[in-house]
Amino acid sequence: MIVPVRCFTCGKVLADKYYEFKKRVEAGEDPGKVLDDLGVERYCCRRTLLSHVELLDQVMVYRVY
Amino acid sequence: MEPKFQILEKKEDSIKFIVEGIDVTFANALRRTILSEVPTFAVDEVEFFENDSALFDEIIAHRLALIPLKTPVDRFSLDALELDDHVVTLSLEAEGPGIVYSGDLKSDDEDVKPTNPNIPIVKLAEKQRLSFNAYARLGRGKDHAKWQPGFVYYKYLTKIHVSKDVPDWKELKELAEKRKLPVEEKEDEIVITTTSAFYLPRKFEKYVGGGIEEEVVPNTFVFTVETNGELPVEEIVSIALKILMRKSDRFISELHKVASD
Ligand SMILES: [Zn+2]
């Protein structure tokens, strides 16, 4: 739905890095290099950012109640 | 043997050090004390007044809890076995469109506030409103992971002996140097000291036990401690050691009581 605040496995704070990660990858940079740059070292954290799908943008246009 | 400390690397949010003269039981006790006993502030209760966002109250409350909050070391006795009962209120009022960040939270205590202002809490569409009061308390990692001060791990310090009979041993030397591991070259072998994880490339696996041997340096551990920002790293380690000491003291005095009955 929305980026997880922390890595599911180790608890490192990741949410603050996601929008920069997304922007740079969409601009054509190599995802691996961007993750290195952002200081996301462990593979648990890397998969958390890499595999996230931001569905909230699609959902938030509907009224909840 | 008196334990010896050697700091290998110190960054703003992490520290790496070698401890010599302790055994695994103590190393693990230190690790577990850091993870489950060092207290920090975290949001524990949220009162919602308005939430039109697409995320449920519970999800937002959960996200708020995971935001690291600066914990003032000098104001609270963090190494005590009893926690101070102090509540900090973080309030927020926002209207869409836009992203609500941790930096938008208003704290009633200047010393206790989000360490990182860029954590997105929720996205709001046009006219959606969000307003709540969040109450932060001191707590420990053993009750909920949101109160963990950071992350810690250790490994045995080992020395990898690579005989010069192993073809391509130079490749291993280069690899170790690239990883910034100390390499000592002797007449007939090289010795790699693994101050951080070192994995042998697959092509060298067949020499393990033959030309390549791993020697565990007894009673020596390489610790890495990371902080989420709540507390400085050195404080995390020293608070953990003090708590461990206090608990051991209490254990001994309880034992004395039992013995004297
Ligand atoms: Zn992780």
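In this predicted model, the largest nonpolar core comprises 67 residues. B:Leu64, B:Phe223 and B:Val225 make the most contacts inside this core. Among contributing elements, helix α4 of chain B, residues 233-260, gives the most, with six residues. Domain 1 (4-36 + 151-225) and domain 2 (40-147) of chain B each supply at least three residues to the core. In soluble globular proteins, nonpolar side chains tend to be buried together.

The surroundings of B:Val225 were then examined. Neighbours within four places in sequence are left aside here. B:Val225 contacts B:Asp13, B:Ser14, B:Ile15, B:Phe17 and B:Ile34, among others. Further contacts of B:Val225 include B:Phe151 and B:Val152. B:Val233, B:Ile236 and B:Val237 also touch B:Val225. A second core is separate and has 13 residues. Its members include B:Val166, B:Leu175, B:Leu181 and B:Ile212.

Chain B is divided into two domains: domain 1 spans 4-36 + 151-225, and domain 2 spans 40-147. Taken over C-alpha atoms, the centres of domain 1 and domain 2 of chain B are separated by 40 Å.

Note on methods:
Residues are numbered from 1 along each chain as its sequence is written. Chains are lettered from A and ligands numbered from 1 in the order in which they are written. This is a predicted model: local features need pLDDT of at least 70, side-chain atom pairs count only at pLDDT 80 or more; totals for chains, interfaces and linings use all residues. Side-chain values use heavy atoms; hydrogens and water are left out. Domain bounds come from an automatic or database domain assignment. A nonpolar core is a set of buried Ala, Val, Leu, Ile, Met, Phe, Trp, Tyr and Cys residues joined through side-chain atoms within 4.5 Å. Buried means under 20% relative accessible area, exposed over 50%, partly exposed in between (1.4 Å probe, protein chains only). Helices (H or I, at least four residues) and strands (E, at least two) are DSSP runs, numbered from the N terminus. Contact means heavy atoms within 4.5 Å.
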